[in-house]
Amino acid sequence: MRDNTHAVMAAGRLFVLIAVCCAAVAMPLTFTGTAVGLPAISRALGGSPIALNWVTNAFMLSFGSTLMAAGALADSYGRKRIFLSGLGIFALFSTGLAFAGDIVWFDVLRALQGIGAAAAFSGGMASLAQEFDGAARLRAFSIVGASFGIGLAFGPIASGWMIAMFGWPAIFVLVVALAVIAFVLGAIFMQESRDPDASGLDWKGALSFTAALTALTFGVLQAPESGWSDPLVIVMLLAAVMLFLAFGRIERTVARPMLDLTLFRYPRFVGVQLLAAAPAYAFVVLLILLPVRFIGIEGMDEIAGGRMMIALSGPLLVLPIAAGLLTRWFAPATICGAGLAISAAGLFWLSRFPVGSEPILLIAPLLTIGVGISLPWGLMDGLAVSVVPKERAGMATGIFSTTRVAGEGVALAVVTAVLSALTSANLGSDTGDQAGAIAQRLVTGDLREAAELLPSINQAALLQGYGDGFSSLLWLLTAITALTAVVVSFFLGRGSETVEELEEEEEVVTAMQSDKARLGQPAL
């Protein structure tokens with residue numbers, strides 16, 4: 001009887017893992033698919049460069065800015081409830097995107113889709129933390145990381161095929177199907193759980209954080225078109241700074257903050273957050289920029305462009321699990337630092353190939369970047385949960401995922417603005433005051449309209465300016481990634497205790513000091 005019960009519980013945990021993995025596969029499809037489909041979406045719905053940039057940024061902004069709130073809601077009102085509610089919202093607005101007839105409404109639906117994704121992701125990951133313990137938990141999170149890799153690896157080629165066969169709305173069909181499977185399995189097998197000490201959502205913190213990220217993203221995206229000295233851009237950036245300061249003040253004063261700032265006293269926690277942000281500029285921005293380059297600028301069809309992306313994201317299919325196995329022989333700090341260093345080498349290698357190079361020449365540097373980022377990718381989620389008490393798993397995944405996704409959104413906005421500025425600077429004096437507008441069109445993959453803005457300039461000059469700007473951007477990303485490898489290795493290598501263990505040690509020391517004080521002995 002006991003064996004049967006154990007078998008049923010094990011099967012239930014397996015199906016919970018499958019449900020979360022289905023949701024994890026769906027998430028990358030929502031932004032790799034639209035990256036591959038952006039030229040087709042632009043042709044169908046039109047829109048300014050800023051509106052087209054929001055196709056990706058609207059999702060990443062709402063996803064990243066609501067993850068901590070979703071994690072707090074999961075701890076307070078139930079991880080299963082938030083997981084299922086998020087999946088329902090995600091599937092609903094994913095369906096609506098297939099029928100959008102205007103770029104503005106498309107961007108609005110993308111933002112709403114991101115809110116659902118945040119709830120599903122936070123609720124699902126927090127539920128996994130309750131279902132599994134110890135080494136099994138690390139393996140479960142590694143499998144989720146590999147599932148995310150499946151979405152990244154096959155998302156571009158699958159999206160490219162569906163766009164070529166059925167048009168861009170078809171890219172959302174697979175997303176909805178995965179969400180439905182995850183919903184059914186979660187509803188049947190997932191056990192409800194919550195943090196008994198949770199006290200509801202920190203609304204002031206949630207609103208100030210979301211507003212800060214929105215103002216920052218809007219200001220950065222607006223800058224290439226209006227200029228960094230434009231009053232609106234300055235106001236948005238200043239507002240972002242003030243709102244982030246207000247968020248920090250709020251979190252220090254509320255009884256149960258959405259973001260526990262005291263956790264940043266611990267080096268390993270800081271290292272995990274730095275690690276979470278690293279893939280944003282070492283890998284994720286390329287998932288958006290490279291399809292635009294391959295399809296919009298170099299003229300590949302969607303299937304060929306998607307096939308090229310497999311070289312970049314394919315290693316995520318297997319190496320995250322391998323990274324978990326490597327922890328038997330190597331410290332996580334060593335694995336993560338080495339992976340980021342390999343990615344930096346791949347970024348520099350890729351910068352050596354200009355626009356128009358033979359596609360086969362790009363395979364090796366793309367693989368190098370993918371291999372490098374796969375090593376920390378397999379450890380990040382497990383490390384995020386391991387450094388906080390189990391009861392705060394929703395908060396932990398919320399903070400870590402917020403750092404990762406919000407970092408990706410901000411990085412994408414910044415990198416897009418930098419690429420536009422570099423391209424504009426490399427177009428030469430022949431473009432005059434049209435350089436900025438032309439660069440904006442090139443960055444969104446609209447080579448035809450960029451050429452129409454100034455018919456007197458030949459296409460080769462446009463490609464040269466864009467290519468030089470892209471190479472300069474890759475040099476910058478190389479330097480940032482290499483520096484991050486060093487910093488992450490340093491912070492993750494400082495001790496092996498979890499935050500929970502350190503807090504217990506502090507409580508023991510405090511108790512000893514109190515006892516000595518009562519006995520008249522000097523404190524430590």
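Me: Why is Cys-336 called buried?
Reply: Its relative accessible area is 0%. Buried means under 20% relative accessible area, exposed means over 50%, and partly exposed is in between, with a 1.4 Å probe and protein chains only. Cys-336 has 0%, so Cys-336 is buried. This is a predicted model, where local features need pLDDT of at least 70, side-chain atom pairs count only at pLDDT 80 or more, and totals for chains, interfaces and linings use all residues. Residues are numbered from 1 along each chain as its sequence is written, and side-chain values use heavy atoms, with hydrogens and water left out.

Me: How do you know that Cys-21 is in no disulfide?
Reply: A disulfide is a pair of cysteine sulfur atoms within 2.5 Å. The count by this rule is 0 disulfides. For Cys-21, the nearest cysteine sulfur belongs to Cys-22 and is 7.2 Å away. That is not within 2.5 Å, so Cys-21 is in no disulfide.

Me: What makes Cys-21 count as buried?
Reply: Its relative accessibility is 10%. The cut-off is under 20%, so Cys-21 is buried.

Me: Why is Ser-127 called buried?
Reply: Ser-127 has 2% relative accessibility, so it falls under the cut-off. Ser-127 lies in helix 4, residues 103-131. Helices are DSSP runs (H or I, at least four residues), numbered from the N terminus.

Notes: Helix = DSSP H or I, 4+ residues; strand = E, 2+ residues; numbered from the N terminus.
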